[in-house]
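Please look through the sequence and the 3D structure shown below before reading on.

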Amino acid sequence: MTTEQYQESVDWLFVQAPNYQIDGLKAYKPGLANITRLCAFFGNPQEKIKCIHIGGTNGKGSTSNMLASVLQEAGYKVGLYNSPHLIDFTERIKVNGKNCNKEFVYNFIQKLKTLPEDILPSFFEFTTIMAFEYFYQQKVDFAIIEVGLGGRLDSTNIIKPLVAAITNVQLDHQNILGNTIEEIAAEKAGIIKNNIPVISGDENNSVKSIIREKADRENAPFIDATMIQSDLISDLKGNYQKKNIRVVLALIEELKKINIPVSEENIEKGLLNVHHNTGFIGRWFEFSKDPLTICDTGHNQAGLEYVFSQLNSIERHKHIVLGFVNDKKIDEVMTLLPENSEFYFAKPSINRGRHPEDYENLLQEAKISYKIFNSVQEAYLSAKEHCTKEEMIFIGGSNFVVGEFLEKNLEISE
């Protein structure tokens, strides 16, 4: 397999199966009928691996990567399925921090081309079965599976996990999941299964009650992670990680109950070595110290509130590079923008990317200092040019903005 053959096969995957990154709502295929048939075609690999299911609006990626790091420190072989990827497709499927083998991806896509014509999976369904099969072939001890979108109708919901977690529930993807926190919570709670413990990390009482009620109906033990007190820290920076750490600790306690040993030292080391153990980046990621440059993939209202609040606590003048996708409610973001900042707005280079000219009226109404660019890289280079050593740069607003920035600059930095 050549590099060109690999890239052609991945390009085929993106073209053949619509994906949320490109096609938005058209790519969303709710329900488990497709993934059930797809898994059966490959011999149901999801039934041959031990899974841990992580759902929620924000924090899924951080929580799953922290848990993976802890389990790796305990000596286990850990599969990790996250989305979306920032730079390379293989980031979505990892074993002990190493991206999925490209030759496996290539060969698996050749098999996908032989599917019966009446099985028409989405892009996410394709990648989900690919993860299950890879983890089975790699003989992982545990596979940590992150929910793609929602929960109840998400293709990952075909698994029967050892334990599940719902990190939190916030407004996001309302056009699919519902217009209220309560409606979205009910969708997220759809991952709760009979007799399988569920961890809740949300402090909102109405969300807690919805998750608890579903747990009661399924006779599933309900664990409130917000009650956990801990001073443990992680190398994943961001004040919001304290909440995710509590969910991780609750998950580990449940695993211990079913005779999966994890020591206190494993936990401490795992939390402090997430970047090294899993290769996870993009969450309050310090790209550079001179000038201080931070990127974060927070992209919905709740995520941006956390991120911008932390930015406001840093007493430096800020150069902030932002970009958004089409379904983002820009007016809500405008009310959250950090003070003492220059703004550089850019269009992410995907079909769903929204050009700042489309919402320039809102920028003018916000009475902020801003410039508009056609690309994230142009915006970043301008910010870097104008940023002094005493100031800082922030890049965010979307997974795609951060991914585009890292793809262009990470190797240069290293």
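A residue is called buried if its relative accessible area is under 20%, exposed if that value is over 50%, and partly exposed in between, using a 1.4 Å probe and protein chains only. By that rule Tyr 76, at 16% relative accessibility, counts as buried. This is a predicted model, in which local features need a pLDDT of at least 70 and side-chain atom pairs count only at pLDDT 80 or more, while totals for chains, interfaces and linings use all residues. Residues are numbered from 1 along each chain as its sequence is written, and side-chain values use heavy atoms, with hydrogens and water left out.

**Confidence**

- The predictor's confidence in each residue is given as pLDDT, on a scale from 0 to 100, and the chain averages 90, with 93% of the residues scoring at least 70.
- Over residues 19-27 the pLDDT stays under 50, and for this stretch the model has 26 contacts beyond four places in sequence, where contact means heavy atoms within 4.5 Å.
- Where pLDDT is low, the predicted coordinates should not be read in detail.

**Cysteines**

- A search of the whole structure for disulfides, meaning pairs of cysteine sulfur atoms within 2.5 Å, finds zero.
- Cys 100 is in no disulfide, and the nearest cysteine sulfur, which belongs to Cys 51, is 16 Å away; Cys 100 is also buried, with a relative accessible area of 3%.
- Cys 295 is likewise in no disulfide, the nearest cysteine sulfur being that of Cys 387 at 14 Å, and Cys 295 is buried with a relative accessible area of 0%.

**Salt bridges**

- Eleven salt bridges are found in a search of the whole structure, each being a side-chain nitrogen of Lys or Arg within 4 Å of a carboxyl oxygen of Asp or Glu.
- One of them joins Lys 243 to Glu 203, with the closest N and O atoms 3.9 Å apart.
- This pair links distant parts of the chain, since Lys 243 is in helix α10 (residues 241-257) and Glu 203 is in the loop between β7 (198-200) and α9 (205-217), 40 residues apart; helices (H or I, at least four residues) and strands (E, at least two) are DSSP runs numbered from the N terminus.
- Both partners count as partly exposed, Lys 243 at 26% relative accessibility and Glu 203 at 45%, and together with Arg 246 they are linked in a network of salt bridges.
- Asp 224 and Lys 208 meet through their side chains in a salt bridge of 2.9 Å, N to O, which links strand β8 (residues 222-224), where Asp 224 lies, with helix α9, where Lys 208 lies, 16 residues apart.
- Asp 224 and Lys 208 are both buried.
- In the salt bridge between Glu 286 and Lys 289 the closest N and O atoms are 2.6 Å apart; here Glu 286 is partly exposed, with a relative accessible area of 36%, whereas Lys 289 is exposed, at 68%.

**Aromatic rings and charges over them**

- The whole structure holds 18 aromatic pairs, in which rings of Phe, Tyr and Trp (its six-membered ring) have centres within 6.5 Å, and planes under 30 degrees apart count as stacked, over 60 as edge-to-face and the rest as tilted.
- Phe 42 and Phe 108 form a stacked pair, 4.7 Å centre to centre with 20 degrees between the planes.
- Because Phe 42 lies in the loop between α3 (33-41) and β1 (51-55) and Phe 108 in helix α5 (residues 102-112), the pair ties together parts that are 66 residues apart in sequence.

**A buried threonine**

- Thr 63 has its place in helix α4 and is buried, with a relative accessible area of 0%.
- Not counting residues up to four places away in sequence, Thr 63 touches Ile 54, Thr 167, Asn 244, Val 247, Val 248 and Leu 251.
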